Amino acid sequence: MSKYITSSNGQQDETDYFPEGFVQLQNPNIELMDQDILYHLGLGSESHDLIEMFGDVKFVCMGGTPKRVEQFANYIMEEIGHKLPTGTTLQDISRYSYRYSMYKVGPVLSISHGMGIPSVGILLNEVVKLMHHARVQDPIFFRIGTSGGIGVEGGTVILSEEAVNDELEPCYELSVLGKKVRRPAKLDKKLLRELKSLHHKEDPYETVTGKTMCTLDFYEGQGRLDGAFCHFTEAEKMDYLQSLKKEGIVNIEMESLAFAALTHAAGIRSAIVCVSLLDRLKGDQIHTPKEVLDEWQMRPQQLVARYIKRYLQMKGRISFDKTCGAFTCGGLCSNGIESGMCKEICQKAG
C-alpha cells in the first residue's frame, strides 16, 4: 500500500508502502488522543472494541441512501450464505449517530454515504480511521451508486476508469487552512478489470467502462434545464454534453472524486460501480417507472456481489456446491451453469 506526502505545490506524491497491509493514518495527532471518537458513525476507539467488531472486514461497500445499503446488506448476506445467530436480525450499527447507516455482514460493511462530496468525504475520513483502529488488512472499497449516463442507455452498468472534476482533471481540490490542496483521484485498475470480467453474456444489460465526471451540484452543475435556476439554452447544454462525450465521459455523479482521491491517499484499493438512470443526451428528468429503477439499481450490487463471492471462494470461505462440487457465483456455478439447474445438468454431464 502506498504512502503519500504533499509537495510544495500542493500535489500529493507516492513515496513508499505500508507494511503488512494495515491501514495507516497520515495524521500523527490521532495517536496522541486518549480516544478517537468517530462521531458520525456513533463509535469510539475506547468505547467500543473495534478490533473485535470490525477486525475481519475485507469489503466496504458504500451507497447513497440508508435504504439502498440495507438492501445490499440483506442481498449480500444471502449471496455469501452468511448466517446470523438464531433470534437476531441485521442492525444499523450507526443508528444512534442519526447521520449514516452501517450494516455488517461477515467480512462486508454496507454503509450509506449521503449525497455529494462533503458527505462522502466526512464518512471516508471516519471509515478509514475505523479500518486503522480495527487493524483491518488490505480492505477493498466499492462505491455502488446511480448516475446520469452520457451516450449510454438507462440501466447500463458503468465501471469508472477515472474520476474527474468539472475541468476534466483527475484531481480532488480541498481548501486546508486557506490553502488549496490537490489530491490525485485514482482508482485501482486491476480491480476494474476484475469487475469487468464478471459481466455475464446472459446479463440483460451492458457493462461499460469510461471516465466519470464528479460535480458539486445536481442541476446547473450538470447542465440540467429543469432546476429553479438556468441561464443557458438547450443548444448550449447539448454542445457541452457532446463535448464531454468526446472526452470519454460516460456518466456524471457527485461523489466519485472524493471517493477516488481519499481511498487512493489512504492506500486502499477501490472501484466505482454505477448504473445509469437515463441518457442525459436525451433528457434531464427520470420518467422510468419505480419498479424498473429498483431493478436497475440492483445491477451494480449484483456485480460487486459476484466479486465478493469469487474472492471468498478463492480463500475457501464459501463451500463448494454440494451437487457438482463447483462454486456458485452470481447465479452461475463455476462450471457456468445456473445454480438452480445445477443438480440436473451436472448429473447428466457426469
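**Figure 1. Q222 in the loop between β12 and α5.** In this predicted model, Q222 sits in the loop that runs between β12 (207-214) and α5 (234-246); helices (H or I, at least four residues) and strands (E, at least two) are DSSP runs, numbered from the N terminus. Q222 is buried, with a relative accessible area of 3%; buried means under 20% relative accessible area, exposed over 50%, and partly exposed in between (1.4 Å probe, protein chains only). Not counting residues up to four places away in sequence, Q222 touches T215, D217, L241, I252, E253, M254 and R280, a contact being heavy atoms within 4.5 Å. Residues are numbered from 1 along each chain as its sequence is written. Because the model is predicted, local features need pLDDT of at least 70 and side-chain atom pairs count only at pLDDT 80 or more, while totals for chains, interfaces and linings use all residues, and side-chain values use heavy atoms, with hydrogens and water left out.

**Figure 2. R224 and its link to Q222.** R224 is also found in the loop between β12 and α5. R224 is buried, with a relative accessible area of 3%. The side chains of Q222 and R224 are joined by a polar contact of 2.7 Å; a polar contact is a pair of N or O atoms within 3.5 Å, where within protein one must be able to donate a hydrogen and the other to accept it, and residues adjacent in sequence count only if both atoms are side-chain atoms. The R224 side chain also reaches the backbone oxygen of F218 at 3.1 Å. Leaving aside neighbours within four places in sequence, R224 is in contact with F218, Y219, C230, F232, L278, R280 and D284.

Figure 3. UniProt, in an unreviewed entry, places the feature "binding site" at Q222 and R224. Both Q222 and R224 are included in the lining of the second largest pocket. UniProt positions are given in the numbering used here, feature names are shortened, and annotations may be inferred rather than shown by experiment. On a 1 Å grid over the protein atoms alone, a pocket is an open set of points with protein on both sides within 12 Å along at least five of seven lines, a cavity is a set of points where a 1.4 Å probe fits but cannot get out, and lining residues have an atom within 4 Å of a point. The second largest pocket holds about 360 Å³ of space; grid points are joined across faces, edges and corners, and a volume is the space filled by probe spheres set on the points. Of its 20 lining residues, M115, T146, S147, F218 and E255 lie nearest the centre of the pocket. β8 gives the most to this lining, with 4 residues.

**Figure 4. The largest cavity.** The space in the largest cavity is about 40 Å³. Its lining consists of C61, M62, G63, R68, V69, F72, S110, I144 and Q301. At least two lining residues come from each of β5 (59-63) and α2 (66-80).

Figure 5. Most residues other than glycine have a negative phi. Y98, not a glycine, has a positive phi of about 60°. Y98 lies in the loop between α2 and β6 (102-105) and is exposed, with a relative accessible area of 69%. For D138, phi is near 45°. D138 is in the loop between α3 (117-133) and β8 and is partly exposed, at 35% relative accessible area.
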